[in-house]
Amino acid sequence: MSQDHELERSVRAICQAHDRDAGRLLDIVRQVQVREGQVSGAALDLIAEELGQQRVEVEGVVSFYAFFSEEPQGRIVIRLCGDVIDRMQGAERVGKVLEDELGIRFGETTEDGLISLEWTACIGMSDQAPAALVGNVIVTQLATDAARDLVRELRKHGDPQRLVRTFGDGNNAHERVRAMVVNNIRQAGPVILAEMEKGSAIRKSVALSPAEVVRAVKTARLRGRGGAGFPTGMKWQFTRTAEGDTRYIICNADEGEPGTFKDRVILTERPHLLFEGMTIAGYAIGAEKGILYLRAEYAYLRSMLEEVLDTRREKGLLGAHICGKEGFAFDIRIQLGAGAYICGEETALISSAEGLRGDPKNRPPFPAQKGYKGCPSSVNNVETLCCVARIMDNGAGWFAQLGSECSSGTKLFSVSGDCRSPGIYELPFGTTLGELLELVGAGDAVGVQVGGPSGKMVGPADFDREFCFDDLATGGSIMVFGPERDLLEVASGFMDFFIDESCGYCTPCRVGNVLLKERLDKVRAGLADASDLDYLERLGETVRTASRCGLGQTSPNPILSTLENFRPLYEARLKSPDESLLATFDIQGALEESRGITGRDSLHFRREDGRQNSQEKGATA
Amino acid sequence: MSETFTFVIDDKEIEGCFGQTILEAAEEAGVYIPRLCHLKGLTPFGSCRVCTCMVNGRAMAACTQPAAPGMIVENASERVTEIRKSLVEMLFVEGNHFCMFCERSGDCELQGLAYRFGIAAPRYPYLFPERDLDASHDDIFIDRNRCVLCGRCVRASREKDGKHVFGFVGRGPAKRVQVNAEAALAETKVAVTDEAVAACPVGAILKKRTAYRVPVGERRYDHEPIGSDIEKRRTAAAE
């Protein structure tokens with residue numbers, strides 16, 4: 001009774017603190033989750049009542065995001081990163097140790113209610129894998145010994161922050177971050193990782209008209225750094241001229257593509273550059289409000305980012321009359337995500353920021369016409385907005401002459417996997433993949449996943465290709481695989497990722513990925529024949545063509561690109577034609593018992609290894 | 001009267017007006033574009049993708065894509081039909097569809113599409129998911145084994161009945177239709193006369209005690225393929 005009363009009081013207080021605004025549902029649910037360790041049925045009812053929503057709508061949101069749970073969770077949730085790279089570095093062994101030490105399996109909670117254990121998708125620490133989230137605290141380079149100590153310590157003091165003994169470099173040691181994360185900046189370039197005086201780019205921008213700022217960005221030939229490469233100036237032009245009184249600039253910091261962590265480093269080391277870029281974008285498109293959509297995995301950076309925003313408000317770089325410009329007002333709020341890769345898709349991100357399930361929206365209308373809350377909105381990548389600030393500070397011409405003919409500027413690469421120096425590299429467009437591999441110390445790479453699971457697996461034949469929008473376009477995730485890796489196992493891991501992260505809205509992505517993975521695993525098990533490769537290609541093509549958003553349109557890539565570039569790996573595992581009449585049927589296995597009884601081998605289906613039955617051999621002797 | 005324009009579907013000139021989707025304009029002209037999640041009068045949803053067409057060479061859902069002057073739409077081509085068949089087969093293997101035991105047989109849009117496309121058996125392996133039933137309500141029965149996640153009940157309840165009886169929960173393969181209550185349908189405001197109940201294209205939401213009022217053999221798709229009603233309009237107009 002008193003417990004019910006307590007829950008009611010706390011949930012109502014949380015809703016009221018958010019002005020009972022259904023648009024803030026993610027923040028509300030997050031607070032309830034943190035406070036109660038779950039979002040129970042009773043909490044769903046209370047939230048729905050407070051916000052004037054239906055229970056099933058709130059339940060729809062809670063059940064969508066990985067970081068929310070209707071079932072009770074432990075006070076501390078350990079989320080071990082189960083990404084392909086982390087598994088390569090031993091995440092499974094670490095997982096086993098955690099299970100043994102905690103006495104529970106993944107998906108369970110210790111009996112004392114202290115700790116829950118879960119797998120999670122890439123948390124943006126591939127260069128320091130295996131990594132885990134313990135509450136909001138990031139634990140990196142987690143060896144099995146350290147995993148054992150981690151559990152013992154948590155049992156002793158129950159404070160994830162105390163697991164951090166040494167801080168990482170730069171702002172990772174900031175008093176509001178205090179993380180063991182390291183930046184691993186291996187090569188800084190002139191655009192993103194160079195220094196800049198605060199406010200300098202804004203001052204130069206507001207001296208121009210908004211239309212001139214858009215023109216400068218166009219002159220610089222800036223294209224989106226998230227992967228799709230849409231021209232930024234054009235996106236702004238559409239947003240600026242769309243009908244509506246209120247406009248929004250939204251920064252996509254939902255860096256979820258496995259193997260990418262460049263935005264994490266930007267947010268840590270260059271937050272001023274980013275906010276400067278957002279402010280300029282606001283000026284250019286006529287937005288007074290900006291939203292930084294920050295993935296939940298990076299919640300540990302939030303407090304520092306809030307402090308940076310405060311500093312900028314104090315300095316007149318946010319708020320009213322920015323840099324003394326009459327009539328130019330702009331401010332930024334941080335929206336935290338809740339564990340959903342799909343929210344990196346711009347319309348899904350908007351849905352999520354509106355407090356809805358992270359379903360992509362139907363297009364048209366495009367965000368530039370009707371985006372956040374139905375208002376014209378421009379969604380831009382973290383790195384893109386940093387480029388904007390630099391362009392306005394150093395000049396469009398300066399930027400345009402960097403890089404290659406078709407792609408101006410530099411690109412940040414997040415490099416992980418089998419290489420000597422994983423980390424961040426800022427390189428001009430036009431750099432070849434081979435040059436990058438040389439820099440990172442990956443001379444023996446046999447396969448490189450360019451652009452994350454949604455990108456492509458390429459082999460040595462493609463190492464001379466250039467990074468640029470017309471050749472090897474990428475959001476910057478580079479995962480390197482050495483000769484000892486099984487690339488089909490890697491592809492299968494990526495398919496698991498897409499199955500977990502599909503929103504489930506459209507048929508081809510929801511069902512097709514499950515079917516693709518089933519058939520790939522059939523190949524891996526040695527039970528497929530040549531017709532299965534044809535099946536994979538056709539099914540993959542259907543999923544790619546018919547899916548509603550970028551997730552489904554790229555999710556077959558792990559299979560399609562390995563089929564294209566590593567076909568012999570598949571062919572080597574196919575059943576021989578004389579055994580392939582019913583490939584799923586293992587004739588050798590079925591014959592094993594009768595061989596034992598009759599004491600001789602089948603005349604028709606000889607053993608694959610040519611080994612003779614021992615008794616038979618005895619008989620002939 | 002809004003302004004009209006023409007565009008092309010499979011070499012035939014079609015008249016459309018601004019604000020119409022490709023599917024709506026086609027339907028008015030007597031061209032049937034196969035669909036499942038679309039239901040006239042509800043907000044277009046674009047989830048089943050069965051209405052996928054090639055529009056100026058790019059795949060688009062005809063139910064959400066606005067018709068525009070000069071568009072070249074591929075509707076009945078081999079590659080488009082191949083995609084649609086594949087999608088219908090995916091829906092069959094995703095759920096547990098046993099037409100011979102289903103009271104909607106002959107009146108089911110999923111089955112109707114399979115017959116229209118000549119699908120005898122899906123090429124994909126059955127996934128045999130575990131799904132639950134909800135027979136709590138006096139007059140309405142939910143069998144999630146047959147749900148195709150088209151969202152017609154969700155939209156109809158919200159947009160037509162003003163009730164929000166249904167909603168989606170979960171994501172990916174775990175996505176499902178949930179009722180607006182702690183446990184079961186009986187606790188909701190649903191009524192057997194709700195449009196949400198009638199909106200189900202398959203046998204997932206059924207009215208109890210009505211199963212064989214229309215005998216097998218006299219049902220909607222027993223004699224003519226699904227979409228025939230729309231195609232007849234063109235024949236009628238031509239005569």
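How many residues of domain 1 of chain B are in contact with domain 2 of chain B? Seventeen would be the word; in figures, 17 residues of domain 1 of chain B touch 20 residues of domain 2 of chain B. The notes below start there. Bear in mind that this is a predicted model.

1. **The two domains of chain B.**

2. **Area between the domains.** Domain 1 of chain B and domain 2 of chain B bury about 1400 Å² between them. Carbon and sulfur atoms account for 68% of that area. On the domain 1 side, look for B:Leu36, B:Leu42 and B:Phe45. These residues supply 42% of the area that domain 1 of chain B buries against domain 2 of chain B, more than any other three residues.

3. **Polar and charged links between the domains.** The count of salt bridges between domain 1 of chain B and domain 2 of chain B is 0. Polar contacts do occur: 5 residue pairs across this interface, both residues at pLDDT 80 or more. By class, the side of domain 1 of chain B that touches domain 2 of chain B holds 10 nonpolar, 5 polar and 2 charged residues.

4. **Chain A against chain B.** Now turn to the two chains. Here 42 residues of chain A are in contact with 42 residues of chain B. The buried area is about 3200 Å², and carbon and sulfur atoms give 58% of it. In chain A, the residues that lose the most area to chain B are A:Val56, A:Tyr505 and A:Arg510. Together they make up 19% of what the chain A side buries.

5. Chain A and chain B share 3 salt bridges. One to find in the viewer joins the side chains of A:Glu501 and B:Arg171, at 3.1 Å from N to O.

6. **Where the chain A side comes from.** Which elements give two or more residues to the side of chain A that touches chain B? They are α4 (55–62), α18 (487–501), α19 (507–524) and α20 (530–546) of chain A. The largest share, 9 residues, comes from α19(A). By class, the side of chain A that touches chain B has 18 nonpolar, 12 polar and 12 charged residues.

Note on methods: Residues are numbered from 1 along each chain as its sequence is written. Chains are lettered from A and ligands numbered from 1 in the order in which they are written. This is a predicted model: local features need pLDDT of at least 70, side-chain atom pairs count only at pLDDT 80 or more; totals for chains, interfaces and linings use all residues. Side-chain values use heavy atoms; hydrogens and water are left out. Contact means heavy atoms within 4.5 Å. Buried area is the accessible area (1.4 Å probe) that two parts lose on being put together, summed over both. A salt bridge is a side-chain nitrogen of Lys or Arg within 4 Å of a carboxyl oxygen of Asp or Glu. A polar contact is a pair of N or O atoms within 3.5 Å; within protein, one must be able to donate a hydrogen and the other to accept it, and residues adjacent in sequence count only if both atoms are side-chain atoms. Ala, Val, Leu, Ile, Met, Phe, Trp, Tyr, Cys and Pro count as nonpolar, Asp, Glu, Lys and Arg as charged, and the others, Gly among them, as polar. Helices (H or I, at least four residues) and strands (E, at least two) are DSSP runs, numbered from the N terminus.
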